[in-house]
Amino acid sequence: MEVYNVTVATGTSEYSGTNNYIFVTLVGEKGESERTILDNPGLDFCRGAVDQYKVTSPSPLGSLLLVRLEKQRYWVEDNWFCRYVTVELPGEDTVLTFPCYRWLIGDTKVEIREGTAKTLASDDSSPQLQAHRKTELQERQKTYRWVTWAPGIPKCIDAKTEADLPQDVRFDNEKRSDFEHSLHYKLAIRFGKSWNDLDDFKRIFWKLRSPIAEYCMEHWKEDWFFGYQCMNGSNPRMIKRCKKLPENFPVTPNMVQSSMAPRTDLDKELKAGNIYLLDYVIMDGVPANTIKGKLQHIAAPLCLLYQHPDEGLIPIAIQLGQIPSLDTPIFLPKDPPLAWLLAKMWVRHSEFQVFQVLSHLLRTHLVVEVFCVATLRQLPAVHPIYKLLAPHLRYTLEINCRGRTQLISANGIFKRVVSTGGDGLLILAQREYKVLTYRSLQPHNDFTDRGVSQLPKYFYREHSLMLWEAIHGFVSGMVNLYYPSDRDMQEDLEIQAWFRDISEEGFTELPNFGLPSKLNTREELSTLLSVAIFSSTSQHAATNNGQIPLGTYTEEHFTEGKAQEQIDKFRRELKKIEDHILKQNEGLELQYLFLLPSRIENSITI
């Protein structure tokens, strides 16, 4: 008689525990253990519990392949979340860990594998494990399906609402409560009463007061602060170096001479690379929303900025339409103060539409959802790339489903409060999707292509590049750990199927997106994975800072030492970046902390 010591860990979130019957069977290469009910004196499987049991087998099982968990109803249905199972082998010091991180719902059973990451090629020792791998993907592909929510944007998960999602990708109860409380608070702010003046605005946001918020309220009218926000505000990816003035923006040197430093002019500064442009041409012709019976208005501005040697980046000319005419004059800092302030406000109004719909929704939420669906459909839980991506895709499907039903739907919040709500929102997203490129999702290419590599005090650029290097170094280390050569990666049928799902299904109708036809090198895979992780963490944080720190994994999918060493190295790199950013911000009245690693969420969850 062989006796195995088995430990079972229950989830730590609310309602993870169960009072239902739980059975376990150990499956080895030589047979199976007895089907054992897990029942100690007192309560088992309470929230956060780590319970220990004895499981017997009439004969040695040989190499342990699977742990089979079964749940059966006791009086009433009570779902159970299992974190992991460990098994201590008889007569050995060896303890095997079987990560689970799944809900068991109803009378059901699941079979989980030991946690060592395995590619398809390295997993050829057992026909039973190969069959398990194949069955897992077949079941997932039935559960997670692609759908076109609207034409001309990336495909998404086939779920009408978040309630249609499997429990394994839903918010836990604490997350759900926190999200819904925040949503109700924001709705109460917006719909409680109208705003009549700026003092009303201050009173509405009493709960969100902070030194930075106070600073912004004090300085928002100032030109230098306008320029600072173009680099380090919520949408820092619009600004481009201007080498030649656009033909539809007829700014003359005389117009802006009063904004220039002594002994220079516009032509000299253009040649010197000190002139920058914001161009909201994508807004041109977008239909405006009607809110409470009133047609809204939308501008498609052009804004010229100058890197002044003393004042920093400042706006020097604004045209609120794409076609110059008497009806679309060029506003200048020397105009009456209110006229200049209103021109800047209209630029910021367009900035908000682009920021929310394109920089935030499309380029982070919807892009990352493509990776999420493809990963669930094509990579089994034992695959190293599944384990690598899982923490960075957590909750993304639910937040996106909620966004489609609550924010950007026909009767959603955007329709009720945003100038591009309704048809305009989709048109704007479709326009951006047509020109979306894989290259632009890689920060070093993006900064180079926009000509902003030398722009001073562009903290978003500096911090993004540091984080990209840390993420790419971590990902490359993981990829090289599991693929000794490019050929090993090329011959991985699962990773190639994952890539095809991304390129041919998720990013459909994008002939100029720029992905290769297949993955040929480990570096190509590392870059693609880095784009997914960077977009879901750093890029999303820059536009919508969140909760869960980057590099902090609440679920431990990797169990082998070499993989954990890579994770520890990644954490050390993030700590260096954290220390650098904190030191850089010491003593600054206006600090840029959006990309502080401890403030970057690990996935898109809000």
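This is a predicted model: local features need pLDDT of at least 70, side-chain atom pairs count only at pLDDT 80 or more; totals for chains, interfaces and linings use all residues.
**Stop 1: the domains**

Start by colouring three residue ranges. The domain assignment gives domain 1 as 2-114, domain 2 as 210-355 and domain 3 as 360-599. Now look at domain 1 and domain 2 together. How many Å separate their centres? Taken over C-alpha atoms, the separation is 62 Å.

**Stop 2: a sheet of four strands**

Select strands E5, E1, E7 and E8. They form an open sheet, in the order E5-E1-E7-E8, and the pairing is antiparallel. Which strands lie at the edges? They are E5 (50-57) and E8 (95-104), and each of these pairs on one side only. Turn the view and compare neighbouring strands. On average they are turned by 25° against each other, direction ignored.

Strands of a sheet pair through backbone hydrogen bonds, either parallel or antiparallel.

Pick out valine 8. Opposite this residue stands valine 85 in E7.

**Stop 3: helices H8 and H10**

Select residues 337-378 for helix H8 and residues 396-407 for helix H10. The two helices pack at an angle of about 130°, and their axes are 10 Å apart. H8 and H10 are therefore oblique to each other. Their crossing is left-handed.

Show the side chains at the contact:

- From H8, select His365, Leu366, Val368, Glu369, Cys372, Val373 and Leu376.
- From H10, select Thr396, Leu397, Ile399, Asn400 and Arg404.

Colour these residues by type. Seven are nonpolar, three are polar and two are charged.

**Stop 4: helices H16 and H17**

Move on to helix H16 (residues 493-506) and helix H17 (residues 522-543). What is the angle between them? They pack at about 50°, with their axes 13 Å apart. That angle makes H16 oblique to H17. H16 passes H17 in a left-handed crossing.

Select the contact residues again:

- H16 contributes Ile495, Trp498 and Phe499.
- H17 contributes Leu525, Leu528 and Leu529.

How do the residues of this contact divide by type? Six are nonpolar, with no polar and no charged residues.

**Before you close the viewer**

The contact of H8 with H10 includes two charged residues. The contact of H16 with H17 has no charged residues. Colour both contacts by type and look at them side by side.

Technical notes:
Residues are numbered from 1 along each chain as its sequence is written. Side-chain values use heavy atoms; hydrogens and water are left out. Domain bounds come from an automatic or database domain assignment. Axes are lines fitted to C-alpha atoms, for helices over the stretch in contact, and angles run from 0 to 180 degrees between N-to-C directions. Angles under 35 degrees count as roughly parallel, over 145 as roughly antiparallel, 65 to 115 as roughly perpendicular and the rest as oblique. A crossing is left-handed if the near helix is turned anticlockwise from the far one by less than a right angle, and right-handed if clockwise. Contact means heavy atoms within 4.5 Å. Ala, Val, Leu, Ile, Met, Phe, Trp, Tyr, Cys and Pro count as nonpolar, Asp, Glu, Lys and Arg as charged, and the others, Gly among them, as polar. Two strands pair if DSSP finds at least two bridges between them.
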